[in-house]
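Dear colleague,

Please find the structure below, with its sequence. My findings follow it.

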Amino acid sequence: MHYRLSADPTLPHYIAVEAHLTNITTSTVELQLPAWRPGRYELQQFAKNIQRFSIVDEAGNPLRFQKITKDRWRVQVDGATELIARYNYYALLPTPNLLNAGSSFVNDTCLYVNPVNLCLYAEGRIDESCTLELDIPDGWTIACGLQQTSSGTLWASDFYELVDCPLIAAPSLQHIPYEVDGVRFHVWIHGGWRTDGNPSFDAERIVRDFSRFSKKQLDLYGEFPETDYHFLTIVLTVPYYHGVEHRNSTMLVLGPNDEGEGLYQDLLGVSSHELFHAWNIIRIRPAELLPYDFTQENYFQTCFVAEGVTTYYGDLMLRQSGVFTDEAYLKELQVLFKRHFENNGRAFQSLVESSWDLWLDGYDKGVPDRKVSVYHKGAIAALILDLHIRRATDHARSLNDVMLRMWQRFGEPFVGYTLEDYQAITEDVAGESLEWYYSLCIFGNQPLEPKLNEYLAWVGLQIVYEEPGADQPGGIRLLELDDEISCQHRAKWFGGALTESIHQGQAELVPEEKSGKNVVAK
């Protein structure tokens, strides 16, 4: 399939699409538009954004077609060997930010596309290579993980690669490259300028910090799945925080552009999280998602591994690589605990139930006390497992060993894993049955505070409840304990020496204020 994208010449905010299919040998062809996108496990019904739709043969003659589902068309080919589907796609969200990390957008100075939103595929030919031609002005820069074969034209080995590679094209993009262990990394920034004319980010600081956490993640797995990787970043003038993982890139949308240090801390956190996905979900993928079925829900129970483990490691890698100080990491940990225990700590569903129900209401607030966040509770479950393995083996093994084995057995050969596979590997690394862990943390809905505090105490921490007062909102707080032995364990967990000395003679609450932020949680 060959795709051509351009700004609709008559209607603002619409992207005009031509999808050209050749070598047709059948009497009918069925064209399918994805109903959802990888990284967001809900039906988004992209077909609702198509305004007009037509199909012609290679000579421009109209072909008969019928819409047979909400996003599927059956075409009567009538002997033609080629067809061209022409349609336009409305690329503007009805929100103040106008776009997010999973949408598309077009105006006079930017073409931003998630191909999964608007590219059809032909049933039975999803594995064929694709080309994507962009009708953009000369001199515009294209930032994308796909191979660029000529000016304005990109190539994908199949439809799965095409829709896993978002792009930004613009007359001006800030480009910050760096390299780690032979892997080329690219940070691309659109809109990254403050209102005073200065850049929103310090390029030298990005290279230093990104190199550190990238190196730490590569060291964990021993190799990188791709030869290059792209952090595609759009900075808005309004507050925003969103990231989506892709094959050899991530799409990030952040704001506001004038926030300063708070914006940079957001960039660090989401970038480390999404890079970890390059292994965990892009390659270490649940069997139910391999391959993706873009026509319907792909139910699976293990999003607590895909997102929970990744959420845990995103910030931990920043601490272990020395990008975060002890205080910066503990503040992020405190935010994580507040998000779970103050919002969903007594929810009815287990992690596996909430993973399954992502397709129902996983990204909506939902009814009170029904579901848990696979991100937040999943990260807490990962923390408990990591500290349990470390305590049982005196740090000889950890969750790192679990993820390395998951990579070696499932990610590197690219075969799907099951919940039973994950449990077997965790028990093998721990050297014991973990039935208690799965019963409590994964399949159960009992409160996690007692078990969490048991393991936090081993590294000199506790969660406590602070009563609201005139000068503090109260709620869950993280407490640092005065215990030299436990702080030694914390240092090993953090990957080296602590950056702050222990509080001699007293326990101390972790501050709530995050650098550059006026709120505890986003």
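**Findings: His 340 and its surroundings**

Apart from residues up to four places away in sequence, His 340 touches Gly 345, Val 372, His 376, Lys 377 and Ile 380. Please note that the model is a predicted one. His 340 belongs to helix α6, which covers residues 326–341. Is His 340 buried or exposed? The relative accessible area of His 340 is 2%, and since buried means under 20%, His 340 is buried.

**Tyr 264 in helix α4**

A second residue that I examined is Tyr 264, which lies in helix α4 (residues 261–277). Tyr 264 has a relative accessibility of 3% and therefore counts as buried. Which residues does Tyr 264 contact, leaving aside its neighbours within four places in sequence? They are Phe 201, Arg 205, Ile 206 and Asp 209. Between Tyr 264 and Phe 276, which are 12 residues apart along the chain, the separation of the C-alpha atoms is 19 Å.

**The chain as a whole**

The protein chain contains 14 helices and 23 strands. Along the principal axes, its C-alpha atoms fill a box of roughly 85 × 55 × 45 Å.

Of the 522 residues in the protein chain, 59% are buried. The contacts between residues at least 6 apart in sequence were also examined: 68% of them join residues at least 24 apart. The accessible surface of the protein chain amounts to about 20600 Å², and carbon and sulfur atoms account for 48% of that surface. As to charge, the protein chain carries 43 positive and 72 negative charges, and the mean positions of the two sets are 1 Å apart.

Strand β3 (residues 28–32) is joined to strand β6 (residues 72–76) by five bridges, and the two run antiparallel. Within this pairing, Val 29 stands opposite Val 75 of β6, while Glu 30 stands opposite Arg 74 of β6. In a regular strand, the side chains alternate between the two faces of the sheet.

Strand β3 is also joined to β10, in this case by two bridges, and these strands run antiparallel as well. Here Gln 32 stands opposite Tyr 121 of β10. Strand β3 is mostly covered, with four of its five residues buried.

**Backbone features to inspect**

In general, most residues other than glycine have a negative phi, and most peptide bonds are trans. The following places depart from that pattern.

- Gly 255 and Pro 256 are joined by a cis peptide bond, with omega at about 5 degrees. Pro 256 is situated in the loop between β20 (249–255) and α4.
- The peptide bond from Leu 290 to Pro 291 is also cis, and its omega is near -5 degrees. Pro 291 is situated in the loop between α4 and α5 (303–320).
- His 13 is not a glycine, yet has a positive phi of about 75 degrees. His 13 lies in the loop between β1 (2–7) and β2 (14–21). With a relative accessible area of 31%, His 13 is partly exposed.
- Phe 414, likewise not a glycine, has a positive phi of about 60 degrees. Phe 414 occurs in the loop between α10 (399–411) and α11 (419–430). The relative accessibility of Phe 414 is 33%, so Phe 414 counts as partly exposed.

Yours sincerely

Methods. Residues numbered from 1 in each chain as written. Predicted model: local features only at pLDDT ≥ 70, side-chain atom pairs only at ≥ 80, totals over all residues. Heavy atoms only, no water. Pairing = 2+ DSSP bridges. Buried < 20%, exposed > 50% of the residue type's maximum accessible area, 1.4 Å probe, protein only. Contact = heavy atoms within 4.5 Å. Areas by Shrake-Rupley, 256 points an atom, 1.4 Å probe, with all protein chains shown as cover. Lys, Arg positive; Asp, Glu negative; His and termini not counted. Charge placed at Lys NZ, Arg CZ, Asp CG, Glu CD.
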